[in-house]
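Let me put the structure up, and then we can walk through it together.

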Amino acid sequence: MRKPYARAIDTRATELLRKFNLFNAPVDVQAVAERLGAAVVFDDLDDDVSGFLLKEKKVATIAVNKLHHPNRQRFTMAHECGHLYLHADQGDRLWVDKAYTSIFYRDASSSTGDKLAEIQANQFAAGLLMPEGLLREHLTEELSDVDIFRLALRFQVSEQAMTLRLVSLDVLESA
Amino acid sequence: MLDSDRLYLLIGQNVRRIRETQTPRMSQEDLAEVLGLKRTSITNIERGNQKPTLDTLYRLCEHFGLEVSEVVPRVEEVAHVNSRSIVVGGKSQEVGAKTATLLDRLRPPSRARR
């Protein structure tokens, strides 16, 4: 079962997409970022950096590592949208999204609050790229690996991201 | 600056990959026996939560016929040779050279801003 906080973040992502009239697959995540007021730049970043959100003096910029896979770039944009939208109260800040940082990875330098913020941004990203309402329209009775592959293509996300999402929505059983 | 967390995370991932790609797939117990460690140590090493000794790494290489360079990452993968401190909103953080360069472009020095 999904945790209540995850459901609440999903709802906020869906509401945002409907408000922006972007509730279609694949979700135009760059348009979401821009409608939230961020400029999006694609650049050559360090290997271990997926992207960042820079918020300073009321100007927001999302940078995406253009050397990463296009699906990864979309996830990065969605993740930074999460920081922009969910953590708007944080004031001037630089959020750097490290490619190898999973939510299971314990980084001694990050505080509990920062770790929670990363989990929330990931949850938001999943909800933004794979809204439950849109996903359910594309579901078949029995999901084969090929179906998951097609879903991933349809939503322009990695198969891994799609599988995780389907598990978290209780559509698939965890392996 | 050396990113020690990343170093051991990458070594751990390599150890796991080496173990899992054996045919038949090798268990953590079996690898523990080869290396003279407890199974929980293998779990921790693979997760980057325990630092394997050089002795352990060489034993691993000896057993699987590998070079140490196939188990440990290249220096540039774990060291941000040109990492810099960037201060935003009063908070300082280390970023790599390329990321710092883009940030410089996005944030001209305050004197030039007006």
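Chain B has seven helices and two strands in its secondary structure. Starting at the N terminus, the order of elements in chain B is α-α-α-α-α-β-β-α-α. One thing to keep in mind throughout: this is a predicted model, and every value I quote is computed from it.

So how does the radius of gyration of chain B sit against that of a compact globule of 114 residues? The globule would come out near 13 Å, while chain B has 20 Å. The spans of the C-alpha trace go with that: about 65 × 25 × 25 Å along the principal axes of chain B.

What share of the residues of chain B is buried? The figure is 40% of 114. Looking at contacts in chain B between residues at least 6 apart in sequence, 50% of them join residues at least 24 apart.

Now for some local detail in chain B. Where is the cis peptide bond here? You'll find it between B:Thr23 and B:Pro24, with omega at about -10°. B:Pro24 sits in the loop that runs between helix H1 (4–20) and helix H2 (28–35) of chain B.

Is B:Arg39 buried, exposed or partly exposed? Its relative accessibility is 35%, so B:Arg39 counts as partly exposed. If we set aside neighbours within four places in sequence, B:Arg39 touches B:Gln28, B:Glu29 and B:Ala32. Its C-alpha is also 9.2 Å from that of B:Ser27, a residue twelve positions away in sequence.

Let's move over to chain A. Here the secondary structure amounts to seven helices and four strands, and along the sequence they follow the pattern α-α-β-β-β-α-β-α-α-α-α. The radius of gyration of chain A is 16 Å, close to the 16 Å from the globule rule for 175 residues, so chain A is as compact as a globular protein of that length. Its C-alpha trace spans about 50 × 35 × 35 Å along the principal axes.

Buried residues account for 48% of the 175 in chain A. Taking contacts in chain A with a separation of 6 or more, 60% come from residues 24 or more positions apart. The accessible surface of chain A is about 9000 Å², and 52% of that belongs to carbon and sulfur atoms. On the charge side, chain A has 21 positive and 26 negative side chains, with the centres of the two sets 5 Å apart.

Next, the rings. How many aromatic pairs does the structure hold over all chains? The count is one. In that pair, the ring centres of A:Tyr85 and A:Phe124 are 5.7 Å apart and the planes meet at 40°, so the pair is tilted. The two partners come from distant parts of the chain, 39 residues apart: A:Tyr85 is in helix H3 (residues 70–86) of chain A, and A:Phe124 is in helix H4 (residues 112–129) of chain A. What about their exposure? A:Tyr85 counts as partly exposed, at 25% relative accessibility, whereas A:Phe124 is buried, with a relative accessible area of 0%.

Chain A has some backbone features worth a look as well. The peptide bond from A:Ala25 to A:Pro26 is cis, and its omega is near -10°. A:Pro26 lies in the loop between helix H1 (4–19) and helix H2 (29–35) of chain A.

A:Lys58 is not a glycine, yet its phi is positive, near 65°. You can find A:Lys58 in the loop between strand E2 (49–56) and strand E3 (59–65) of chain A, and at 87% relative accessibility it counts as exposed. A:Asp170, also a residue other than glycine, has a positive phi near 60°. A:Asp170 comes in the segment after helix H7 (159–168) of chain A, and with a relative accessible area of 45% it is partly exposed.

That's my tour, and I'm happy to go back to any part of it.

Note on methods:
Residues numbered from 1 in each chain as written. Chains lettered and ligands numbered in written order. Predicted model: local features only at pLDDT ≥ 70, side-chain atom pairs only at ≥ 80, totals over all residues. Heavy atoms only, no water. Rg over C-alpha atoms; globule rule 2.2 N^0.38 Å. Buried < 20%, exposed > 50% of the residue type's maximum accessible area, 1.4 Å probe, protein only. Contact = heavy atoms within 4.5 Å. Areas by Shrake-Rupley, 256 points an atom, 1.4 Å probe, with all protein chains shown as cover. Lys, Arg positive; Asp, Glu negative; His and termini not counted. Charge placed at Lys NZ, Arg CZ, Asp CG, Glu CD. Phe/Tyr/Trp six-rings, centres within 6.5 Å; stacked < 30°, edge-to-face > 60°.
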